[in-house]
Structure formats: structure tokens, C-alpha cells
Amino acid sequence: MSVNAATLLRPAVNASVPQMLGQKLMLDLRYYCKELPEQGQCRSPMTQLPPELARLIRDYNIGGVILFAENLQDIAQIVQLNRDLQQAAAASALALPLFIAIDQEGGRVARLPRHLATSFSGNMAIGATYAEHGSAFATLVGQVLADELLPLGINVNFAPTVDVNVNPLNPVINVRAFGEDAQQVAELGSAMTAAMQQRGMIAALKHFPGHGDTEVDSHLGLPRVTHSSEQIRQVDLKPFADIIKQQAPGMIMTAHIQYPALDASTFVSKDGEQMLKPATLSRKILQTVLRDELGYNGVIVTDALDMAGISKFFSHSEAVVQTFAAGADIALMPVKLQHPGELNALAQLLEVLTEAVDDGRLAKAELAASYQRIVALKQQYPLLPQAKTQAAQLAQARSTLGKPEHRQHELALAKAALTQVKPTQGPWPYQESAVSKVLLIMPDQQKAQALAAALQHYSAKPLQISSISLQHSDISSAAQQLASADLVISGFIAPMQSLADIGGMDDLTGIANIAAAYQRQSQNYDALLPGITAAAAPHVFLSLRAPYDISRYGQYADVVLASYAYNAADNPSAIDAGNATYEALAQALLQQFMPKGRLPVTVAGYND
């Protein structure tokens, strides 16, 4: 399975219209059922490439695929899957290797299993280290992400997120952003982009022209940013503009967001409603702003086209026609291919697109230019693993993923990011030596177990640790547990998980369960707070995601820490294997180091 240099350098002008169009599609192969599901959607993870999907990639000269957590079980399986995908592409007429993409941002959005790969604490944690460490951790994280993805055969990382999170109510970005200062976001995003691309990984900045001031998740609706043109250029566009000049990012991902100051033109939805064009479908935004004004010459990829910000208003084929007409190079997740009954949708889409070229809705010259950009990017980066054999590739991947040095970096970031918000100075209201009985009040049992295991591991003496899960409906024993504790540690996660956290639109049916769980956690925590405050024991509050919740809960605690991360590995008790956030918290709670992180966003009542 190899595509030699001569194949890669084949002149792109030889491709036919359907072949060029095939290169402009990036397919979602997250689930696949051999037979039509009797009821509901297919939920069988695609971990081995079935022959019928391999034929689609081969016959239609498909340009790329995106992988999700469901596709990724263990190192050997991931390597085999990606080799099979590339083998299918090598058998196509163009024989161009695939873009194999993933959302491995770190923190909330990390698709590789955390016990296998080094996932880090995410962008806002990096932002919290900026005052002390500058861009050092952005560079380090970018290098490790690239070093671990490439041996697996993954060559595109949909990262970094360079949205400027100026809205505390943002449901989908928040801690995925480096912070709220556009200059700082630009510097950190530039450092991470450079680090990944210098290692051979294609970076994809997202979400253009900026998702930082929205209160609607574009998975669920169509957000609108009402910034002035001046504010857009000073805030939203600045990270993109700076990084384009400094690093020539391989890809930039569009946002399904309306920006009336950039494009006030309208379209008529499939339901007959007249609406403002979102950026993904706006020629003014993709061509006039991104290409002409900012000078971007790389590949533009859409955000997932199955998201409600697009699919609610367009048929899938019309959405692809419109985004290609606007100037996008690659349509991400344009059709569902989850069982044999859906496979013909790809041929139908390509027929519609070919007709659009034939009738002039898509200019053939622009199609050829777009195809040339795709081929040029494929020639620029080593899309295929460096290892000559499968055995060598597997050995390299096993020796690289989650190796001790990378785990040390993961813990170093978690510790450097940890921010002491309260007290602002002076000693904490307890001495570690005087604490024997600890009560943990955590969002769920997994997180309680992760923190308890880390506390026991790093404590110089045995601790008696009990816990209350905010997920449980019965918290009647809380008063007794509070009365016997020497130290109360409570943690909360706000806002609730978004579809980006858990994978995307295929998880829509589960969002109701997530919302119900979040409501239960909130109600239980609110019910417990008076008792926590009345208890004699000191109280430490842990803000485990966006630190904006400190404005609400910080008043109830003697000590407030922000970690910007909450994820635990499948084995929450493991040390040096994906639970770095809890290891850092444990060391701080045991007063083994002084947190030096700084809030990278404004928290009302604390740093405003």
C-alpha cells in the first residue's frame, strides 16, 4: 500500500469533472450497518473498512474522510483502518492519497481514547499559562498532537480553534478557545499551527470568521453575530488574519454563522423562509474577505454539513452546490452513508454537482482551481506514514502514543494552567497535615473516583475519602457526611456538554439525556450549597470547565480553583494514563505546589 512520488506529482489538469468533484468531498464513516436498521439509526461503529465503502472511495476518487471516537478502538485497529482507507484511495483512477482528518483539539474535544493518546487540558488551559509561559505550551501541545496522530495515519487535525470567546454564555466554544483577548488567541493559535505543520500535520483553523460571540450552538440552529465591521476585524478575524500571514495554515474551516456586517444577502430556505446567508454559503465571506482581503490561498473546508445550521435549511445536495459556489474547497460530511440503502446518495450527489458544473452554477475554472489547491496541499504534506511496512508503522505508533515524556507534558500543562481565583493572596484555610477525612462532591462518580484516586496516590498519608455524586437522585446522607469531614471539595462543570464534545449530530437523540443529567446535577448542587456553607469544614470549589461559573458558586467557597478541564480516562483511577487534570488538582489540594495560572477570560466579580 503506497502511493509513490511520481503518482503524487501527476499533473492535476488531467482529472475529469467528476474526479475533481470527488476530491472535494470528505466523508463521515463513523457508523456502518451491513443491513438496513429495522428501527432507528445505525449505531454500529465502523472500525473495519467494509468492501462496499472501499469501492466508493475508489470509484468516486474521494478526497478525504473524517474519523470519530467510534472509529478508534486501539492502536493496531486504527493503523489497519487507515491503511485500508489509503489502499482504497490508491486504487482509484487519480491514486491520490486521502486526507484522513480528526478533531483532536485537546480538552473537551479529543477523539482518541485518553488512555492511549495524550489529550492535554485544552486551549483555555493553555491560555491560562500565557502570563507565565507565553506560547511554550501551545507549541508543546501542537508538537505532541502531531507526533501521536501521524504514526496512526491521521494527517489532518481540525485544530486549533482560534475563536475569541467574548461571550460567557457561548454553549459550544467556551474552553475550546484560548481566551477572550484576540492578540493572545492569535499568538497561541499561531504557535500551535506552526508546531503541528512543522511536524508534518496539516492544521485547520476554525471556525471562520469566528464562533466566539454566539449563544446558539450551530449544531442545533443558525447563530448570528451582530458585531460591527470594525469589531469583526479587530476581534473575530484577527487570529485568522495573523496566522494566515505567519504560518500559511493548510486548511481553514468555515462556520455556519450569520455575519450581517460581512454579508447581508439572503437566501430562501427549503421551507420557503428568507434568511441571511451563513458564512459557509457566503461568497462575500469566503472569497471577498478570506481570499481577497486576508490573502488566504490554502484549502477551505466546511464545518460538518449535517449540522442544523445548514441541514435545517437546505437539502444536502443543494448545500454542497451552494458552498462550492461560495468558494469552499471541501464539503465535510455531505451525505450519510451508514448502511447499503444510503450508498447511492453519493452517486446522486456527484450527479447533481456535475450538472451544476454543466449548467454554469459552478464555474469549471473555479472547480479546476479548487482541485489544484487540494492537490497542492496533498503534495506539500506527507499524507502517508513514514514507516515502510505495517509492522514498522505499528511499532512507531505504539512507542509514541501516550509515552512517558508526553504524559509528563500533559501533567505539566494541567499544573501550569491551574488557577487560584480565591483567595487572591495569603494562606489557605487548612493545613494538609490536619486533613484526614475528605468529602468530594462531584458531577458524577467517575470524576469523584478520578480525584479520589489521585489524592490517595499523592498524599503522604492515607486519607478517608467519601463522595457524593451530583448525578444521583438520593443525597439524603449529605448532612452526615458534611458533619464528619475535615475538608469539603466540590466540583461543577458548566455549561453542559455540547454536541461537539460528544461527536456531532449523530448524538442528537442523546442530548436530551445530557440535558436532564445536567439539570439534575445543578439542582442537587444548589440544594447542597447551604449545608456546605454551614459546615465547619473548609470548602474548596473546583471550576472544572468554563470558569464563568465561579461568579455563581465562588461565594460559597473558601478556596476557588479553575482547571478548565474535567475529562477522565476510561479507568479514572489510573495514574499517568489520561487523568492529568485530577492529578494536578490533587497535588494542589495537598498543597504540594502553588497554582500560577491566570484567568484568560473575564469572570464577573473576580477579575473584571
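Select Phe541 and Val560 to begin: Phe541 stands opposite Val560 in strand S18. The model is a predicted one. Now colour strand S17 (residues 539-543) and strand S18 (residues 559-562); the two run parallel and are joined by 4 bridges.

Stay on S18 and show its side chains. Val559 and Leu561 point one way from the strand, while Val560 and Ala562 point the other way. All four of these residues are buried.

From Phe541, move on to the aromatic side chains. Select Phe492, Tyr518, Tyr525, Phe541 and Tyr553, which form one aromatic cluster. A search of the whole structure gives 9 aromatic pairs. Two of them are stops on this tour.

The first stop is Phe208 with Phe240. Their ring centres are 5.1 Å apart and their planes meet at 90°, so the pair is edge-to-face. Phe208 belongs to strand S7 (residues 202-208) and Phe240 to helix H10 (residues 238-247), so the contact ties together parts that are 32 residues apart in sequence. Phe208 and Phe240 are both buried.

Tyr525 sits in helix H21 (residues 511-534) and Tyr553 in helix H22 (residues 550-553), so the pair ties together parts 28 residues apart in sequence. Both tyrosines, Tyr525 and Tyr553, are buried.

Two lysines come next. Select Lys24 and Phe324: the charged end of Lys24 sits over the ring of Phe324, 4.0 Å from its centre. Then select Lys415 and Phe593, where the charged end of Lys415 sits over the ring of Phe593 at 4.9 Å from its centre.

Switch to a cartoon view for the sheet that contains S7. This open sheet has 8 strands in the order S11-S8-S7-S6-S3-S2-S1-S12, with parallel pairing. Its edge strands are S11 (299-301) and S12 (331-332), each of which pairs on one side only. Within the sheet, pick strand S1 (residues 25-28) and strand S2 (residues 64-67), which run parallel and are joined by 3 bridges. Leu27 stands opposite Val65 in S2.

How many cavities of 30 Å³ or more does the structure hold? There are 4. Turn to the second largest cavity, which contains about 100 Å³ of space. To find it, select Arg114, Phe120, Asn567, Gly578 and Thr581, which lie nearest its centre among the 15 lining residues. Then show helix H17 (404-417) and helix H23 (580-589); each supplies at least two residues of the lining of this cavity.

Notes: Residues numbered from 1 in each chain as written. Predicted model: local features only at pLDDT ≥ 70, side-chain atom pairs only at ≥ 80, totals over all residues. Heavy atoms only, no water. 1 Å grid on protein atoms, 1.4 Å probe; cavity = no way out; pocket = protein on both sides within 12 Å on 5 of 7 lines; lining within 4 Å. Points joined across faces, edges and corners; volume = space filled by probe spheres on them. Pairing = 2+ DSSP bridges. Phe/Tyr/Trp six-rings, centres within 6.5 Å; stacked < 30°, edge-to-face > 60°. Buried < 20%, exposed > 50% of the residue type's maximum accessible area, 1.4 Å probe, protein only. Lys NZ or Arg CZ within 6 Å of the ring centre and 35° of its normal.
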